[in-house]
Amino acid sequence: MRKLFALLLAIPLLTGFSSKNTVKTPVFECKSPIISNIYRSSESDQFIDYWENDFRLNNPSVCDISYNAYQEMYGKYSSLSKTDREIVNKIPDQREPDYTIGEIVKYLVTRYYPNTQKVKAEKKKLDQSTIIIIATVVALVGATAISVLYMLKNQKVIK
């Protein structure tokens, strides 16, 4: 049985080390290149124009955008089709070139409609010094209670 098992394992090894080259790599070449145009719809162009010339002009700082301005902008943003949103999301913002329009919209959505589970996870936690003070007070109260009970037992007030 062992010999048969060893023979079955040896067959792929013997054929794998053959000197014949069985792998052929195809050559990637393009005989007739094709030029394709990518068209943006007028809706995405209108939104980008609104974003640059109206929304961002009236709200230069992202952190100071009012809720009413956000609602107006998000109404126009949500009316875009999925492909138009993908196009708009990739366009860099003119006022803050490190961010895209999609990143700013995502920030505003999380600002005005925060994720409730994330808010629950971000509850304020006690810092280390507060925990040490609480533990010390509990230990002192416990030690005092034990001492009082011990003294009452020694004076035979309790049995």
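A nonpolar core is taken here as a set of buried Ala, Val, Leu, Ile, Met, Phe, Trp, Tyr and Cys residues joined through side-chain atoms within 4.5 Å, where buried means under 20% relative accessible area, exposed over 50%, and partly exposed in between (1.4 Å probe, protein chains only). The largest such core of the protein has 19 residues, and those with the most contacts inside it are Phe47, Trp51, Phe55, Met73 and Leu108. Helix H2 (42-58), helix H3 (67-78) and helix H5 (101-112) each supply at least two residues of this core.

The model is a predicted one, in which local features need pLDDT of at least 70 and side-chain atom pairs count only at pLDDT 80 or more, while totals for chains, interfaces and linings use all residues. Residues are numbered from 1 along each chain as its sequence is written, and side-chain values use heavy atoms, with hydrogens and water left out.

In secondary structure the protein has seven helices and zero strands, helices (H or I, at least four residues) and strands (E, at least two) being DSSP runs numbered from the N terminus. Of the 159 residues in the protein, 16% are buried. The exposed surface comes to about 13800 Å², of which carbon and sulfur atoms supply 61%; accessible areas come from the Shrake-Rupley method with a 1.4 Å probe, and for residues only the protein chains shown count as cover.

When contacts (heavy atoms within 4.5 Å) are taken between residues at least 6 apart in sequence, 62% of them join residues at least 24 apart. Leucine 108 touches Phe55, Val62, Ile65, Tyr70 and Met73, with residues up to four places away in sequence not counted.

A search of the whole structure finds two salt bridges, each defined as a side-chain nitrogen of Lys or Arg within 4 Å of a carboxyl oxygen of Asp or Glu. They are set out below.

| Salt bridge | N to O distance | Sequence separation |
|---|---|---|
| Arg56 and Asp93 | 2.9 Å | 37 residues |
| Arg56 and Glu96 | 3.8 Å | 40 residues |

Both pairs link distant parts of the chain, since arginine 56 lies in helix H2, whereas aspartate 93 is in the loop between helix H4 (82-90) and H5 and glutamate 96 is likewise in the loop between H4 and H5. Salt bridges that share partners join Arg56, Asp93 and Glu96 into one network.
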